[in-house]
Structure formats: structure tokens, C-alpha cells
Amino acid sequence: MTEFIWFLYLLLIAGVMIALVRVWGLSGSKKKRPLKRTCPLCGSTLTQNQSLLASEIRKNQHESELKIKGCPYCYQRVTDG
Ligand SMILES: [Zn+2]
């Protein structure tokens, strides 16, 4: 019977270890994530305040496609010209 208790104890420790590693891993990846973003159309580097212009095209009830129109740099160029 004591073996079973030991097994449960080890299982509990393993669970706590996995939970801790997950928490550390998530917080670590958040810090490492680069803030710099680039426009896929023109390659301009966008700041936190600048966002990509995109429109959602709904194909049907379940499917929708996100169409990227551009960033403030290249989208304005298209509308002006
Ligand atoms: Zn752009």
C-alpha cells in the first residue's frame, strides 16, 4: 500500500514540475517575442501604433479569409494614386 502512496506522491511532484515549466516557458516566450512587425506587402517596419490594414472576407458560415490590404505606408500610396 505504501508503494501506491509513493506513486501518487511522485505523480503529484511531476505534475507540479510540468506546471512550473509551462508557466516559465510562457512568460519567457512573451518576453522574447519581438515587438517589431513588418508589412508583408512592402516590408516597412511598423511601430506599435501602426497596424496592418486588413479586411475579413467571409466565404461562408464557417470559413473566412483575412485579406491584408497593406500598412499605413503602402495602403495610402495605393489610394492616392
Ligand atoms: Zn506596407
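Mentor: A residue is buried if 20 or more other C-beta atoms lie within 10 Å of its own. The model discussed here is predicted.

Trainee: Of the seven residues of strand 4, what is the number buried, and does the strand lie in the open or under cover, and why?
Mentor: Burial is decided by the count of neighbouring C-beta atoms, with 20 as the cut-off. Strand 4 covers residues 64-70. Because none of its seven residues is buried, strand 4 lies largely in the open; the number is zero.

Trainee: What is the count of buried residues in strand 3?
Mentor: Strand 3 spans residues 53-58, six residues in total. The strand is hardly covered, and its count of buried residues is zero.

Trainee: How many bridges join strand 3 to strand 4, and how do the strands run?
Mentor: A hairpin links strand 3 to strand 4 through five residues. Within the pair, E56 stands opposite L66, and L53 stands opposite G70. The bridges number six, and the direction is antiparallel.

Trainee: What share of the contacts with a separation of 6 or more comes from residues 24 or more positions apart?
Mentor: A contact here requires C-beta atoms within 7 Å. Among contacts with a separation of 6 or more, residues 24 or more positions apart account for 34%.

Terms used: Residues numbered from 1 in each chain as written. Predicted model: local features only at pLDDT ≥ 70, side-chain atom pairs only at ≥ 80, totals over all residues. Buried ≥ 20, exposed ≤ 12 C-beta atoms within 10 Å, placed from the backbone. Helix = DSSP H or I, 4+ residues; strand = E, 2+ residues; numbered from the N terminus. Pairing = 2+ DSSP bridges. Contact = placed C-beta atoms within 7 Å.
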